[in-house]
Amino acid sequence: MTDSQQTPVPTAADDTADGSAPGVEAKVRAAVEAGLPSAVADLSKLVRIPSVSWSAFDPENVRRSADAVAALLTDTGMFDTVEVKQAPIGVGDTLGQPAVLATRAARNGRPTVLLYAHHDVQPEGDEANWDTPPFEPTVRGDRLYGRGAADDKAGVMAHVASVRALRDVLGDDLEVGLAVFIEGEEEFGSRSFANFLEQNAAALAADVIVVADSDNVDVNTPALTVSLRGNVTFRLTVSTLEHASHSGMYGGAAPDAMLALVKLLATLHDDDGAVAVDGLTSYDAAAEPPAFTEEQLAEDAAFLPGVTSVGRGPILSRMWSQPTITVTGIDAPSVANASNTLLPGVAVRISSRVAPGQPAREAYEALERHLRAHAPFGAHIAIDDVDLGDPFLVDTDGWAATEAKRAMTDAWGAEAVETGIGGSIPFIADLVREFPEAQILVTGVEDPDTRAHSPNESLHLGVFKRAVLTEALLLARLDGRTAS
């Protein structure tokens, strides 16, 4: 398909706001509408670059992606500087993946807004599970399919498109300051993120930080994410024997590692599937979460017939405010290569989501204590490759959150909703630490059908349009506000 075939423009009917805003805001709406075809075309070009940041993949593709993003920002003509930069991982000389940093100085006391997104993507997985090639952007109905079409190259293009709209309306009269930070390794743990912030603190300093990497309630209802769970991930290795032994000769007396592992993993949850680890806490939200039915959960999460939910309490509380523990990978002989032996050792990848309010380090220590205390048959436990990310709670009392929700409501024609998200954006804790006075807004272009990280990831084009309009209205309004 050509770009023109793949970039239908949502009509005015997709934007349910009344369109009656006078002056600048009416022009912003018109500019967003006019710029949408080129925004979706440029997004399609970005999706074609397989910018997987994981270490086993070609880093040249991430470099190509960074260069393409830098060119888009440069071409707006709205930035004083646009650079592709890298920062070291940890304290060594190894550099992280390339990121893009663009800046425009504020004038006349206006606030500075930092716009964040990431241009790297998850691996595509088994291409046989995709209905269309993962790196060939394809439109079906009102959705654009492709790896990164939503997470998070649509976030990148929402920033670019909103700046283009302001350029077309205000040009060099724009006084609000802009810093754009497009990261290149969010899907690989943001391992150089803290160093990047430290090395570029002056350029990134802002009054408001917009993180465009989250979800919306549905394709018609905008959301400002106000809570995020943290994460703890690690490799757990369980060993019982020095070498494999014949299962017929020694089975029934010698403990194989798989048996020990299965019994150990079973202690992590109770009979309802709720986490059963002392020291992992839940978050007590001030308000009850919105209603969410078992039927909605089963549909959104694609339950097989007869499968039931796990855990206790309101469903959204389980998904937003309670800890989870998931086995996301296992190293063991495949079924095809299985032999009749007792396994000496087995390794799994554990992923735990940490409730808002609990430090990730504290959660990790609780998990480690539990695993060592419950290892059966004297099995040996080893834990390594640990990665921690703290949860986050948004302060919604600031003027920036008020302005963001107002912009969402005006752009979508529906009242903005404050939501929690069960996923994690660990680097937000780094932003809070480096810029403690900044107000952080977590927005996004995704919806429940996006399938980020999964086969057939897609972007709803009407949501994309409204996300661009939201950001453009927000920036236009902050252009008339004095920083405080």
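**View A. Strand S6 and helix H4 at the second largest cavity.** Strand S6 (177-183) and helix H4 (193-199) each supply at least two residues of the lining here; helices (H or I, at least four residues) and strands (E, at least two) are DSSP runs, numbered from the N terminus. The model is a predicted one, in which local features need pLDDT of at least 70 and side-chain atom pairs count only at pLDDT 80 or more, while totals for chains, interfaces and linings use all residues. Residues are numbered from 1 along each chain as its sequence is written, and side-chain values use heavy atoms, with hydrogens and water left out. Look for Phe181, Phe193 and Phe196 among the lining residues, along with others including Gln86, Gln97 and Glu185. The volume is about 50 Å³. A cavity is a set of points on a 1 Å grid over the protein atoms alone where a 1.4 Å probe fits but cannot get out, and lining residues have an atom within 4 Å of a point. Points are joined across faces, edges and corners, and a volume is the space filled by probe spheres set on them. By class, this lining has five nonpolar, four polar and two charged residues (Ala, Val, Leu, Ile, Met, Phe, Trp, Tyr, Cys and Pro are nonpolar; Asp, Glu, Lys and Arg are charged; the others, Gly among them, are polar).

**View B. The largest cavity.** About 180 Å³ of space lies in this cavity, one of two cavities of 30 Å³ or more. Of its 17 lining residues, Met408, Thr443, Gly444, Ala467 and Thr470 lie nearest the centre. Strand S7 (208-215), helix H11 (399-412), strand S17 (439-446) and H13 each give at least two residues to the lining, which has twelve nonpolar, four polar and one charged residues.

**View C. Helix H1 against helix H13.** H1 (residues 23-47) and H13 (residues 461-478) pack at about 135 degrees, with axes 10 Å apart; axes are lines fitted to C-alpha atoms, for helices over the stretch in contact, and angles run from 0 to 180 degrees between N-to-C directions. The contact (heavy atoms within 4.5 Å) involves residues including Val32 and Leu36 of H1 and Phe464 and Val468 of H13. Its residues divide into twelve nonpolar, no polar and five charged.

**View D. Helix H3 against helix H13.** The axes of H3 (residues 153-170) and H13 come within 8 Å and cross at roughly 50 degrees. Among the residues that meet are Met157 and Leu166 in H3, and Phe464 and Leu475 in H13. This contact has eleven nonpolar, two polar and one charged residues.

Terms used: 1 Å grid on protein atoms, 1.4 Å probe; cavity = no way out; pocket = protein on both sides within 12 Å on 5 of 7 lines; lining within 4 Å.
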